[in-house]
Amino acid sequence: MRMENKLARALLVGGAFSAVCSSTAAQAETALSICYINHPVQVANVAILEKWAIKQGVKLNKTVTSYAVYLPKITQMLTSGASDQCDIIWNNDDWGQDLAQYLEPLDDVLNARKVEVGQLEPFHTADGKTTAVSMTTTAGILFYRTDLVQEAELPKTWEDLVKISQTLQSEKKVKWGYVGGMSYTNTFFSFWWTLWNNNCDIYAPAYERDNKKLAADGWKPMIYSPCQVQTAEFWWDALNSKKISPLGMTTYSRDEANAIFQAGDAAFTVADTTFLGTFNNPERSSVAGKVGIAPFPVGPMSDGVRTWIDVWGWSIPKILPNDRKTAAKKLLGAMLGDSDGQIEQWKQTGAPPPNTDVWPTLEKNDLTWRRLRMILFKPDHVHAAYYFRNWATVHKVYSDTLIRAMKGKREDIAATLKASSDAIRAGAVAND
């Protein structure tokens, strides 16, 4: 055989071997899909996961879904047993316990329990295992314009909020005193932060989230109790008579409210702390550098400031093959161990690092962090949701009722609220 023929055959065999090796390597690469919404903190946390995916030889495929369709899509995926759509999913306390039966326990993920006490309760299984790891602590806070309101003048009561707002409006410094989301799923940024700061809640006893204790009390609705009527009257006045908020706010999501605040047309808003970075981003906000954070003003029946604080987390479907579960857990553990990445997430968004071991680093040299931690973690807390299967339905009934009260006559508020009492109780009792 001629030498060139031997060489050609050798190259052919070598090329075939290389192709086989390349194919094997490609097949060996782990691919994971992560499903989430386009929210600043989720985008920031996914960036950390992407960094570690590269280091771990994982191809991370991203599926971004709108908030409106996210829960139905994920619920359908989990309940149908589909295993090829999402390997890592965003999990929210609103539905954490409802989905827990379909999710993998994550107690074996490194640093999974490094969160504030009680934060993972919404994601626990019946035997106390957690089905989520934190991407951040999410909590509401009062944002205000530091160029218009001095820290010493911040509103401590609802009455203060009204007076300061009306003064700023009369001086033509802002169009609105307060703006916040009010539509269904945005109830937190208006009705609920005031409800919880008026010694009130959806069911009695107030602030209780243990279903057994609530059931023992008969799932008693508080929707027409004096503290709730007073809260509804405050918002009716804010919209209709005091006019510190736009009349169309009953239709606002947090996005519309945030846009008005970022445009400089309102002095105050309530939003998740995770929007601090957006509000102070000069490319996205005309009030950048002029935004501060403060405790909630309290209502007449309040016995102190109360904040809602919960975890946004990542979860893994139970039905996944073991190799993908293992890869997903390793990736989440790397994120939880990345202190630099978590600090950058805080700087970009205002979202507290998911691992509380990172917090002391910020405590040393970050004034904004120290103020945020004092506001959020010093007062009493409340979970922002209840944990039974029909909670989303109850939330919708509640939201529709309050908005109906806003559009009716002030003297009809109590009757409007009472009319939904049976439906709110029935929504909970159906789960017993």
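Let me start with Thr231, whose side chain makes a polar contact with the side chain of Asn198, at 3.5 Å. Bear in mind that this is a predicted model.

Where is Thr231? You will find Thr231 in helix H8. Is Thr231 buried or exposed? Its relative accessibility is 1%, and buried means under 20%, so Thr231 counts as buried. As for its neighbours, leaving out residues up to four places away in sequence, Thr231 touches Trp158, Phe191, Thr194, Leu195 and Asn198.

Cys227 forms a disulfide with Cys200, and the two sulfur atoms are 2.1 Å apart. The angle about the S-S bond is 60 degrees, and the link is right-handed. Both cysteines, Cys200 and Cys227, are buried.

How many disulfides does the structure hold? There are two. The other one joins Cys35 to Cys86, with an S to S distance of 1.9 Å. Here the angle about the S-S bond is -85 degrees, and the link is left-handed. Cys35 sits in strand E1, residues 30-36, while Cys86 is in the loop between helix H3, residues 67-80, and strand E3, residues 88-92. Why is Cys35 called buried? Because its relative accessible area is 1%, and the cut-off for buried is under 20%. Cys86 is buried as well, with a relative accessible area of 2%.

If you count the bonded cysteines along the chain, the disulfides follow the pattern 1-2, 3-4.

Last, a residue at the other end of the accessibility scale. Lys378 is in the loop between helix H14, residues 367-377, and strand E11, residues 380-382. Its relative accessible area is 68%, and exposed means over 50%, so Lys378 is exposed. How far apart are Lys378 and Thr307? In sequence they are 71 residues apart, and in space 9.4 Å, C-alpha to C-alpha.

That is what I have on these residues.

Definitions and conventions. Residues are numbered from 1 along each chain as its sequence is written. This is a predicted model: local features need pLDDT of at least 70, side-chain atom pairs count only at pLDDT 80 or more; totals for chains, interfaces and linings use all residues. Side-chain values use heavy atoms; hydrogens and water are left out. A disulfide is a pair of cysteine sulfur atoms within 2.5 Å. Helices (H or I, at least four residues) and strands (E, at least two) are DSSP runs, numbered from the N terminus. Buried means under 20% relative accessible area, exposed over 50%, partly exposed in between (1.4 Å probe, protein chains only). A polar contact is a pair of N or O atoms within 3.5 Å; within protein, one must be able to donate a hydrogen and the other to accept it, and residues adjacent in sequence count only if both atoms are side-chain atoms. Contact means heavy atoms within 4.5 Å.
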